[in-house]
Amino acid sequence: MSGPDLSRRALIGGLAGASGLLLPANAMGVSRPRTGGGIRVASTSTSTLDTLDPAKGALNTDYVRHFMLYSGLTELDRALYPRPALAEIIVSRDQKNWHIRLRKGVTFHNGKSLSAADVVYSLLRHKDPRTGSKMADIADQFAEVRATGPLELLIRLTGPNADLPAILAQSHFLIVANGQRNFRTANGTGPFKLVEFTPGIRTKVRRNANFWKPGKPYLDEIELIGIPDEVSRVNALLSGDVHLINAVNPRSTRRILTSPRHGLVETKSGLYTNLIVRQDRLPVSNPHFTAALKCLIDRPLINRALFRNYATIANDHPIPPSHIYFRKDLPQTQLDLDRARWHFRRSGVGVTRLPIYASPAAEGSIDMASVLQEYGSRIGLNLAVNRMPADGYWSTHWMKHPLGFGNSNPRPTADMIFSLFYKTDATWNESGWKAPRFDSLLMEARGEPDLQRRKQLYGEMQAMVRQSCGSIIPVFMSLLDGHDRRLKGLHPVPLGGFMGYTFAEHVWWEG
């Protein structure tokens, strides 16, 4: 075999252990999985832009659909550690050159055998602008991807990145067949085969009897639909029309928990809605103005009143307390009207009436803006809340105004969240923040193999974002899924609702 000796010992070192994603059912104290049955699942939305192309996934419905149909080189466990999947072995001595050996005997839904050529094609297509990949910025790190044997390949990065195994577990990097460009249907190696796909309406899948994980999946069929209205989604669950829903509003939790037939899964996560203060737009670009706003945020009130305590207090940087690199010794920013007034008087904004753009598309942003408007009036800040419809908000308003709101889904690594939203040249650098020292630390941390040193580097970066970046994060929101109690095997995965969008292969129907 080319490259280093990719032994079982090397695998454990490269992936921090190789235990399975789930413990055996009897070890978890729950009923043993059974095969059969089907469920209907309602997500927050469907769209005519729904896609079967993993590279283009944009909504949680897309992510669920793609994990049903395709598999990745790696997968994340409930602690967000990468584990082997299609890659039986993945290892590197320098975090820059990664050697991969694929599993034998894996087949696509059409019967074609998985090969290194499929993986090479799947990864490199993200670098082609014609693909329209949502992970093009991340894929820029792929300096070279080439086969070194029928089931072996090399990924050479532009620079060291110890997080590559976690990055490859993202839904966008799921593996498609070599040369596939037509995604009117799906041909993956995932746990289910496509039966019906109607963009904006539904997806139906059927159990893949040749799935590479013995015994899985357990369900025979799944139908995935979208119900955008949360109340209607909860009503569909309680009436039995659907068996699993996501994005339950905290106000609806009592209705679900008082039903003897239904339960709730709370996932503590890194999901947040943030106030964006553009650092490159007048009149808000003065650092004193951003500092004033940070002191006007009543975080406990937002947690209690907006999210019924289904949230965790944040500190104006995107790393949640549950994260391995979270820096716990940073002073917590708190509501302080005197300090806010002091900064505001030095900001030069004065009595200027400032519009702030909010929308239901950024969960909780309208209420957050109203609370900020009230506290702002106490120090002389004149805010006008502009309520924008959810439809078109991200394309028309996000990052387009001096003051507005964003919303970010959880990401599996600190490097990914910082690279996507805080790096100077990031496409989604929401606040237009420029900090050469931060960029330098990001590159250093990315290639640092020592865990404690990486934690130190990411800790300094959190302090920099908290201190001077124009992204203000009040709380991290819990993800709430409602389910029929007969549906077993559910547990939180911090990457997202629906078990980090991967529930399909793990759950079973009891009853």
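**Loops and a cavity**

Mentor: Pro283 sits in the loop between β12 (262-277) and α8 (287-294); helices (H or I, at least four residues) and strands (E, at least two) are DSSP runs, numbered from the N terminus. This is a predicted model, where local features need pLDDT of at least 70, side-chain atom pairs count only at pLDDT 80 or more, and totals for chains, interfaces and linings use all residues. Residues are numbered from 1 along each chain as its sequence is written, and side-chain values use heavy atoms, with hydrogens and water left out.

Trainee: OK. What kind of peptide bond joins Leu282 and Pro283?

Mentor: A cis one, with omega about 5°.

Trainee: And what about Lys216 and Pro217?

Mentor: The bond joining Lys216 and Pro217 is also cis, and its omega is about -5°. Pro217 is placed in the loop between β9 (202-207) and β10 (221-226).

Trainee: Switching to backbone angles. What is phi of Ala247?

Mentor: Near 55°, a positive value, and Ala247 is not a glycine. Ala247 is in the loop between β11 (244-245) and α7 (253-257).

Trainee: Is Ala247 buried or partly exposed?

Mentor: Partly exposed, at a relative accessible area of 36%. Buried means under 20%, exposed over 50%, and partly exposed in between (1.4 Å probe, protein chains only).

Trainee: Then where does Tyr501 lie?

Mentor: In the loop between α16 and β20 (508-509). Tyr501 has a positive phi of about 75°, again without being a glycine. Tyr501 is buried, with a relative accessible area of 10%.

Trainee: New topic. How many cavities of 30 Å³ or more are there?

Mentor: The search of the whole structure finds 4. A cavity here is a set of points on a 1 Å grid over the protein atoms alone where a 1.4 Å probe fits but cannot get out.

Trainee: What volume has the largest cavity?

Mentor: About 230 Å³, taken as the space filled by probe spheres set on the points, which are joined across faces, edges and corners.

Key: On a 1 Å grid over the protein atoms alone, a cavity is a set of points where a 1.4 Å probe fits but cannot get out, and a pocket is an open set with protein on both sides within 12 Å along at least five of seven lines; lining residues have an atom within 4 Å of a point.
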